[in-house]
Amino acid sequence: MAVPVFTDITALSQGSIYNRSRYEQLALKFEAKYGKRPAFVARAPGRVNIIGEHIDYCGYGVLPMAIEQDVAIACALSDTPTIRFSNVEPSYPDYSCPAKDFAIGQETKPQWYLYLLCGHKGILEEARLENPRGMDLLVDGSIPPSSGLSSSSALVCCAALVTVYANKLDGLLDKKRLAELCAHAEHYIGTEGGGMDQAISFLAESGKAKMIEFNPIRPSDVSLPAGTQFVISNCLVEANKAAFAAFNERVTECRLAAQVISKKSGLACGWKKVRTLRALQDGLGLQLTAMPGVVEQYLHQHSYTREEVCQILEVTSEELEKESLNVVAKDMQSFKLHMRAMHVFGEAGRVSAFKDKANSTAAGGSGDLSVAVGLGRLMNESHYSCSKLYECSCEELDLLVRLCVGAGALGSRLTGAGWGGCAVSLVVEGNVEGFVSKVSREYYESDPTRQGKLATSLFATRPGPGAAICDFGSGIRL
C-alpha cells in the first residue's frame, strides 16, 4: 500500500485543526524564507509505544500507535544540486550540503539535520540515484524533542518521503518498504534501533493501534477498550537515544546474551550466526514461555566481565569487538546479560498478552472495564521491568509513573527508549479531566520550570494516521 498523496492541506491534516493551521503557516513561512512557494508538504507522525519496550531490535513484536504530533517538511526543487535545510524553530541552525556527496558522522550529540540526511541517504542508496534533485526544505516539528515520542525517527521518515517524492521515485512510496529503508537508514547516525518507530510512522491508521512484527514487517490491528483513553505525560528529562551510549549498550548486552546461551547450549548453527534473542528462541525451537527458564539455566545473575565472555565464546577481546560489539559499545567491560534477557522475554510475553486481551470479545463492549484493568496491569508490569531489569528509566520518570497510577491510571509506564522522556497512562475516559488535573498539580505545578512547559507536556491522545504528502501542483491550495 502506498503513502497517500493529497491535493489540499485539509486532507493532509486528516481532521486535526491544529495540524491544518501548522501546515498553512509552514507554507507561508517557506515562501518568506525562500521567495517561492513549496511544491509539496510531507508529514510523518511521532508515536507512543503502548507496550513492548526495547524488544524490536531483539526481533520481537511491539504495540505502538501514531500520535497527532508530527514532523512536516515543505519542499521546493532547486536548480542547483544542493539541499538547503531550515527549521521554523530558530534555535536549530540552517545547513546546506551537496545532494549526493555528504558525510553523516556518528557524533555524541547529533545535529538535527543529520537525521534528515539519514533518510535522504537511505533513498539514494536504495534507488542508486546518481543525480538527485537539489531541494530547499523548511521543517516544522510538533513532537517534543528527546521525549521518547520518536521525534528523531519522524525526521528520518519524513526526509526519506521528501526525497522519494521530489525525485519521482513512485516505486518507493510503498509503506512497508519505506519503513524498512528508514529503519536501516537511522543506523547511519549510530543508533541500532529495531524498526518500530519507522513502521508505525508509515503504517499507522486513525483510531487503530498496531501490533508490528518484524523480518519482514507484519502489522495487525489491535482494538482498544471502549471507554478509555491514553494520556501522555513528559517528565521533562531529555534523552537523545543516539547521544547516550546506554541505548547501544543494551543492544549489545541482548546480542551477547543470545550468543552466550547459543554457545553454552551447543546450538547447531553456531553462536556467531545468532544476533538476536528471537533468533536464539527460533534456533532452540522453543515457545516464548520457555525462554525465561533457558535464561536461568545458562546465565548467572551477576554481571559478566569482558574476559569472562571472551572465555565462554573462545575469542580474543579484539574478536569479540568485531563479532558482537557495536561502535558505541566497543569499550564495554561489564555486561548484565541475565537482567536484559529476562526483560526482553518477559516484555515480549506482555505484548502478546496485551494484544490477546485487547482483541477479546470484551474489549468491544461498553461499560465493562475488566479488559482495561488487565491491560493496565500489564503496563505496570512493563514499567517495573524497564526500570529494574533493563535500567532504562530515571528518578523523575519513575516518580511521574507513580503519580499517574496514584491519580487513577489503570496502568502507566515509560514509553520510548527511556532515560527520560514520557510516560503513557491508560485512563477511564470519564476520569481524564480529573487525572490530568491531579498529575498537573502534583508533578508540574510544584516546579516552576515544569509548570512553564505544562501545555505541551501533558495531553490525552488517540491513535492517529500515518505519513502522507500534500502536492500543491501549480499553486498552493489552503
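Student: How far apart are the mean positions of the positive and negative charges of the chain?
Tutor: In this predicted model, the mean positions of the 48 positive and 53 negative charges are 2 Å apart. Lys and Arg count as positive and Asp and Glu as negative, with His and the chain ends not counted. Each charge is placed at NZ of Lys, CZ of Arg, CG of Asp or CD of Glu.

Student: Which strand does E7 pair with?
Tutor: E7 pairs with E8, residues 218–222, in the antiparallel sense over 5 bridges; pairing needs at least two DSSP bridges. Glu213 stands opposite Arg218 in E8.

Student: And what sits between the strands of that hairpin?
Tutor: There are 4 residues between E7 and E8, and Asn215 takes a positive phi near 60°.

Student: Zooming out, how many helices and strands does the chain have?
Tutor: The chain has 16 helices and 15 strands. Its radius of gyration is 22 Å, close to the 23 Å of the globule rule for 478 residues, so the chain is as compact as a globular protein of that length. That radius is taken over C-alpha atoms, and the rule is 2.2 Å times the number of residues to the power 0.38.

Student: How much of the chain is buried?
Tutor: Buried residues make up 56% of the 478.

Notes: Residues numbered from 1 in each chain as written. Predicted model: local features only at pLDDT ≥ 70, side-chain atom pairs only at ≥ 80, totals over all residues. Heavy atoms only, no water. Helix = DSSP H or I, 4+ residues; strand = E, 2+ residues; numbered from the N terminus. Buried < 20%, exposed > 50% of the residue type's maximum accessible area, 1.4 Å probe, protein only.
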